[in-house]
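Biologist: I am new to this structure and would like to learn how to read it. Could you walk me through some of its features?

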Amino acid sequence: MSETSLPFNEKYYPSNEKISSGEKRKQEWEKSLSNPEEFWAEKAKAIDWFKKWDKVLDDSDAPFYKWFQGAELNISYNALDRHVKTQRKNKLAYIWEGEMGEVRTYTYYQLYREVNKLAKVFKDLGLKKGDRIAVYLPVIPELPITLLASARIGAIHAVVFSGFSADALADRINDSGAKLLVTADGSYRRGKTVAIKDNADRALESTPTVEKVIVVKRTGQPIQMKEGRDIWYHDALAAAGANVYVEPERMQATDPLFILYTSGTTGKPKGVQHGTGGYLVWAYWTLKWAFNPTEEDIYWCTADIGWITGHTYNVYSPLSVGVTSLLFEGTPDYPAQDRWWDIIERHGVTILYSTPTAVRMFMKFGEEWLNKHDLNSLRILGTVGEPINPEAWKWYYRVIGKERLAIIDTWWQTETGGFMIAPLSGIELTPLKPGSATFPLPSVKAEVYDEKGQPTPAGTKGFLVIKSPWPGMLQTLWKDPERFKQTYFGRWQNTYYTGDYAVKDPEGYFWLLGRADEVLKVAGHRIGTVELESALVSHPAVSEAAVMGKEDAVKGEVPVAFVTLRSGFQPSDELRAELIKHIRNTIGPIATPDAIIMVNKLPKTRSGKIMRRVLKAVIVGAPLGDLSTIEDEASVEDIKATYEDLRKQLTK
């Protein structure tokens with residue numbers, strides 16, 4: 001694999017943080033690996049257990065590792081009951097802001113009461129430990145309430161992102177065998193109502209395991225309620241009574257907590273199964289280590305709860321720590337491009353944890369909207385979801401952070417349960433490098449391998465692997481243990497294969513380079529799409545970039561780049577030539593794109609991820625596939641027309 005061209009030596013020292021050599025962080029990491037059982041037995045004291053474990057880590061059936069074997073606990077109890085017995089009882093757990101500007105707040109005690117009522121509803125419907133509950137809701141308070149009520153009775157929840165299609169919902173319900181679906185009449189998206197219940201009804205035509213459907217009234221739009229099956233959420237809670245208490249189910253630490261499906265461009269979605277004890281301990285400590293939240297913090301993770309980031313860092317982690325979290329419904333730029341900055345100013349947000357996609361979008365908007373607001377309440381920033389381009393990192397640091405705030409760039413996956421590589425402000429913050437997630441967390445023995453399973457030299461791309469078990473890791477794939485073993489542990493023995501490319505620099509910092517299948521092979525040379533995209537975004541004219549490969553008779557594959565431009569720049573042949581020259585100078589002539597297509601918008605899911613498969617389909621003339629999660633279908637038509645015009649010019 002080829003050398004990479006990243007700014008390995010560029011370091012930043014945010015003035016709000018005490019930067020140190022990293023000796024304390026390194027000692028904690030080494031202690032966790034030299035004696036993991038002793039290390040995690042000590043850390044697990046932060047959690048309330050009904051019964052202590054017989055063994056911290058049972059690795060007798062690796063890779064099916066069992067953490068805190070024999071212990072009993074309940075996650076709903078840890079998120080709520082233990083806080084309502086303390087001075088946190090009347091502390092805000094959630095501040096929720098809807099797309100239409102509504103604000104609802106819940107103290108820990110108010111949340112506790114709502115969760116108990118819904119848990120009683122579930123039990124009255126006959127649900128018991130081990131039953132599956134499918135959840136198809138927008139980001140409204142009823143979503144975390146549903147998850148916590150499910151955990152309270154020992155049920156297993158399977159959340160399906162509310163932007164998914166009826167077919168996608170049906171597939172996940174059928175695979176999980178859910179008995180109950182919790183959904184809503186609709187949701188708001190850019191001022192319009194989305195018919196969630198209609199989608200659910202179409203899915204329910206082919207989901208024989210579902211016996212009952214609970215419907216939250218969100219928009220008030222007309223819907224069909226099927227007699228004997230459908231129940232209004234508010235009616236069910238009213239019938240449950242006012243002062244309801246449901247004894248939390250005593251769960252084994254190794255019992256499943258939830259299934260979350262990860263979908264690729266092809267193949268059946270994988271039902272990632274997470275457990276109870278190890279997952280909660282990992283969720284608790286990773287937030288403490290990375291962001292070090294205080295009792296006074298207002299913490300905002302912008303992720304939809306339909307994804308793993310929302311599960312861990314909007315629900316289980318902050319509530320177990322006792323943090324006040326902000327939840328929001330909608331998009332960052334509706335009804336205006338300063339919506340997020342307005343929210344931060346009004347609510348006094350102190351921790352902002354968002355995505356590189358959002359950062360690049362705000363770069364495109366320029367600084368005018370930001371400068372209308374006082375963002376001085378912010379004390380730390382974070383990113384998640386994809387590798388952040390060094391240029392976007394610097395903008396985030398300079399414009400949002402005012403060169404005061406640390407950026408906690410986190411690498412992890414649905415499968416890992418929580419952060420794996422990240423700066424650790426809660427242990428010891430080392431100098432930051434733009435685009436690097438820095439160092440592995442305690443218990444995470446990360447390495448970069450070549451194709452033969454040997455560590456790569458410093459500065460050389462390879463496969464990111466994890467060589468040690470950690471408490472938050474997935475237990476298995478739902479009903480598919482063989483696929484679990486083959487997918488994650490089949491390449492190298494006792495080694496977790498992440499499927500991501502990375503580089504470890506001479507100082508040990510890790511640089512994530514995207515999925516291993518997002519690598520082009522141009523005339524025998526491997527070039528990461530993330531590397532190409534970072535080079536394009538480093539040009540002052542480019543806001544966002546998405547690079548794909550196109551078959552070529554001579555080179556095997558050639559890059560094709562789609563870009564959106566920053567405010568003040570217009571598409572032109574001169575700019576296209578300048579960008580090609582910029583790529584050649586930054587990476588080398590081998591990386592020269594076959595075409596650069598300048599578009600108004602890149603196709604994105606409603607969670608903000610670029611739909612690269614759609615761009616690939618445009619290039620090769622293939623069917624576009626399922627567009628149910630796309631934010632704006634008009635963006636695809638624009639891209640198709642622009643690409644066709646360029647193709648005609650190039651073939652003249």
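Modeller: Gladly! Let us start with the second largest pocket, whose lining residues divide into 5 nonpolar, 1 polar and 6 charged. Please keep in mind that this is a predicted model.

Biologist: Which residues line the second largest pocket, and what is its volume?

Modeller: The volume of the second largest pocket is about 220 Å³. Its lining is made up of Arg 25, Lys 26, Trp 29, Phe 439, Pro 440, Lys 445, Ala 446, Glu 447, Lys 467, Lys 504, Gly 508 and Phe 510. Two or more of the lining residues come from each of helix H1 (23-34) and strand E21 (446-449). H1 gives the most, with 3 residues.

Biologist: What lines the second largest cavity?

Modeller: The second largest cavity holds about 60 Å³ of space. Among its lining residues are Leu 6, Pro 387, Ile 388, Trp 511 and Val 530. Strand E25 (510-515) and helix H15 (529-537) each contribute at least two residues, and E25 has the largest share, 3 residues. The lining of the second largest cavity divides into 8 nonpolar, 2 polar and no charged residues.

Biologist: You mentioned H9. How do I read the way H9 and helix H10 (residues 308-321) cross?

Modeller: Two packed helices are described by the angle between their axes and the distance between the axes. In this case the axes of H9 and H10 come within 9 Å and cross at roughly 85 degrees. H9 and H10 are therefore roughly perpendicular to each other. On the H9 side the contact includes Tyr 279, Leu 280, Ala 283 and Tyr 284, while the H10 side includes His 311, Thr 312, Tyr 313 and Tyr 316. The residues of this contact divide into 9 nonpolar, 5 polar and 1 charged.

Biologist: Next, burial. Is helix H7 (residues 196-204) largely enclosed or largely open?

Modeller: In H7, 7 of the 9 residues are buried, so H7 is largely enclosed by the rest of the structure. The buried residues are Ile 196, Lys 197, Asn 199, Ala 200, Asp 201, Ala 203 and Leu 204. Take Asn 199: its relative accessible area is 16%, and residues under 20% count as buried. Leaving aside neighbours within four places in sequence, Asn 199 is in contact with Tyr 136, Phe 164 and Ala 166.

Biologist: And Ile 145, is that residue buried or exposed?

Modeller: Ile 145, which lies in helix H5 (residues 142-153), is buried, with a relative accessible area of 1%. Beyond its neighbours within four places in sequence, Ile 145 touches Tyr 106, Leu 111, Glu 114, Val 115, Leu 118 and Tyr 233.

Biologist: Lastly, the backbone. Which peptide bonds are cis?

Modeller: Most residues other than glycine have a negative phi, and most peptide bonds are trans. A cis bond joins Ala 62 and Pro 63, with omega about 10 degrees. Pro 63 sits in the loop between strand E1 (55-58) and E2. The bond from Tyr 334 to Pro 335 is also cis, with omega near 10 degrees, and Pro 335 is found in the loop between strand E17 (324-328) and helix H11 (339-347).

Biologist: Where does Arg 190 lie, and what is its phi?

Modeller: Arg 190 has a positive phi near 50 degrees and lies in the loop between strand E9 (187-189) and strand E10 (192-194). Arg 190 is partly exposed, with a relative accessible area of 29%. Lys 402 also has a positive phi, near 55 degrees. Its place is in the loop between helix H13 (390-400) and strand E20 (407-409).

Terms used:
Residues are numbered from 1 along each chain as its sequence is written. This is a predicted model: local features need pLDDT of at least 70, side-chain atom pairs count only at pLDDT 80 or more; totals for chains, interfaces and linings use all residues. Side-chain values use heavy atoms; hydrogens and water are left out. On a 1 Å grid over the protein atoms alone, a cavity is a set of points where a 1.4 Å probe fits but cannot get out, and a pocket is an open set with protein on both sides within 12 Å along at least five of seven lines; lining residues have an atom within 4 Å of a point. Grid points are joined across faces, edges and corners, and a volume is the space filled by probe spheres set on the points. Helices (H or I, at least four residues) and strands (E, at least two) are DSSP runs, numbered from the N terminus. Ala, Val, Leu, Ile, Met, Phe, Trp, Tyr, Cys and Pro count as nonpolar, Asp, Glu, Lys and Arg as charged, and the others, Gly among them, as polar. Axes are lines fitted to C-alpha atoms, for helices over the stretch in contact, and angles run from 0 to 180 degrees between N-to-C directions. Angles under 35 degrees count as roughly parallel, over 145 as roughly antiparallel, 65 to 115 as roughly perpendicular and the rest as oblique. Contact means heavy atoms within 4.5 Å. Buried means under 20% relative accessible area, exposed over 50%, partly exposed in between (1.4 Å probe, protein chains only).
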